[in-house]
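This briefing covers aromatic rings and a few side-chain contacts. Look through the sequence and the structure before reading on.

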Amino acid sequence: MKDGFEIDKALVRAAFDRAAHDYERHARLQQEVQQRLLERLDWIRIEPARVIDLGCGPGGALKALAQRYRKARVAGLDFAQGMALRARAQGRWFRRPWAICADMERLPLADASFDLAISAAALQWVTDLDRVFAEVRRVVAPGGLWLFATFGPDTLRELREAFARVDAGSAVHVNAFIDMHDIGDALVRAGFADPVMDQERLTVTYPDLPALLRDLRGVGVRNALSGRHRGLLGPRRLRAVADAYLSQYGEQGRLPASWEVVYGHAWVPAAPPPSRFPGRFIPVRPG
C-alpha cells in the first residue's frame with residue numbers, strides 16, 4: 001500500500017469502541033449491505049454446523065444466522081471490545097452466540113473449526129488482505145464457504161473529491177478501498193476454489209455535510225490513514241468542503257454519498273481422498 005494510505009489500526013479500534021453503543025442508529029447503509037449479503041445464502045446449498053461472522057460489529061447478523069441455521073453454533077468476532085460485548089448480548093440467554101475480541105489478521109481459532117465464515121463491511125479496515133484470506137482459508141473446513149461484502153474504490157468519491165478541491169490534494173481525508181479484481185486475485189492466491197465476485201452501487205442522500213459526517217462517525221468511520229490531515233476541520237474549512245460538495249454533486253439541495261459494494265464468495269477445496277500408496281509410487285515394469 002502506497003505511502004499515506006496505511007491503516008492506523010489503533011485509531012480504527014478506538015473509533016469503533018466509541019461507536020459501539022450507538023452504532024445501529026447510524027448504520028442504515030451497513031445494515032442494508034448485511035441484509036443483501038445474507039440473502040445470498042438463499043441460493044447456496046450449505047448446512048453448516050459452525051458459523052462465524054468476522055468483523056461482526058454489534059452482532060446484527062448473528063441472530064439472523066442462528067435463525068437460518070438452527071442447529072449451528074454461531075460465533076462473532078470483532079477487534080473492538082465494545083462491539084464484541086454488544087455482539088455477546090444478541091439472542092436469547094440460553095443460546096447466546098460466542099463473541100470473540102480479536103483481529104481478523106491473527107485469528108485465535110483452530111484449523112478447520114468453522115464450516116461457514118461471513119464478513120459484512122469489515123475487510124476495508126484490514127492492513128493485509130492476503131493475511132486475512134490465508135487465515136480464513138485456515139479456519140474454514142474443507143468444503144466450507146467464505147462469503148463477504150466490502151467497499152470498492154468509488155465509495156464516498158463525492159466526499160473525497162470535495163475535500164481535494166479545498167485542499168488541492170495535499171492531504172488524505174477519505175480511506176482507500178480495494179478494487180474488486182484485486183480482491184479476487186487475493187482469493188486465488190489464498191487457495192480458495194471457484195471464487196465469484198460482483199459489485200453494485202448504493203447511494204444515500206443527506207440534507208447537508210454535517211449529517212453525512214455524523215452518520216460516518218456514528219458507525220466508527222474515521223479517517224484512519226497515515227496520510228490524513230492532522231489539523232482540526234474548522235468551521236471555515238468545513239463550509240468550503242460543503243460548498244464544493246454541493247456545487248459539484250448537489251441534487252435538489254441534497255448531497256449524495258455513493259458506496260461501491262463488492263461481494264465475493266469462494267469455497268475451501270474439499271480434502272482429496274487418502275492415497276492407498278503413501279509417498280511416491282513408482283510402477284514396476286517387467287524386465
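Is Trp 146 buried or exposed? Trp 146 has a relative accessible area of 0%, and because the cut-off for buried is under 20%, Trp 146 counts as buried. The model is predicted, and it holds seven aromatic pairs.

**Phe 133 and Trp 146**

- Phe 133 and Trp 146 form an edge-to-face aromatic pair, with 6.1 Å centre to centre and 80° between the planes.
- Phe 133 belongs to helix α6 (residues 129-139) and Trp 146 to strand β5 (residues 140-151), so the pair ties together parts that are 13 residues apart in sequence.
- Phe 133 is also buried, because its relative accessibility is 0%.

**Tyr 245 and Tyr 249**

- The ring centres of Tyr 245 and Tyr 249 are 6.3 Å apart and the planes lie at 80°, so this pair is edge-to-face.
- Both residues lie in helix α10 (residues 235-249), and because they are four residues apart, about one helical turn separates Tyr 245 from Tyr 249.
- Tyr 245 and Tyr 249 are both buried.

**A charge over a ring**

- Arg 40 has its charged end over the ring of Tyr 263, at 3.8 Å from the ring centre.

**Asp 215**

- Asp 215 is part of helix α9 (residues 209-218).
- With a relative accessibility of 12%, Asp 215 counts as buried.
- The side chains of Asp 215 and Arg 28 are joined by a polar contact of 3.2 Å.
- Leaving aside residues up to four places away in sequence, Asp 215 touches His 26, Arg 28 and Tyr 206.

Technical notes
Residues numbered from 1 in each chain as written. Predicted model: local features only at pLDDT ≥ 70, side-chain atom pairs only at ≥ 80, totals over all residues. Heavy atoms only, no water. Helix = DSSP H or I, 4+ residues; strand = E, 2+ residues; numbered from the N terminus. Buried < 20%, exposed > 50% of the residue type's maximum accessible area, 1.4 Å probe, protein only. Polar contact = N/O pair within 3.5 Å; in protein donor to acceptor, adjacent residues only side chain to side chain. Contact = heavy atoms within 4.5 Å. Phe/Tyr/Trp six-rings, centres within 6.5 Å; stacked < 30°, edge-to-face > 60°. Lys NZ or Arg CZ within 6 Å of the ring centre and 35° of its normal.
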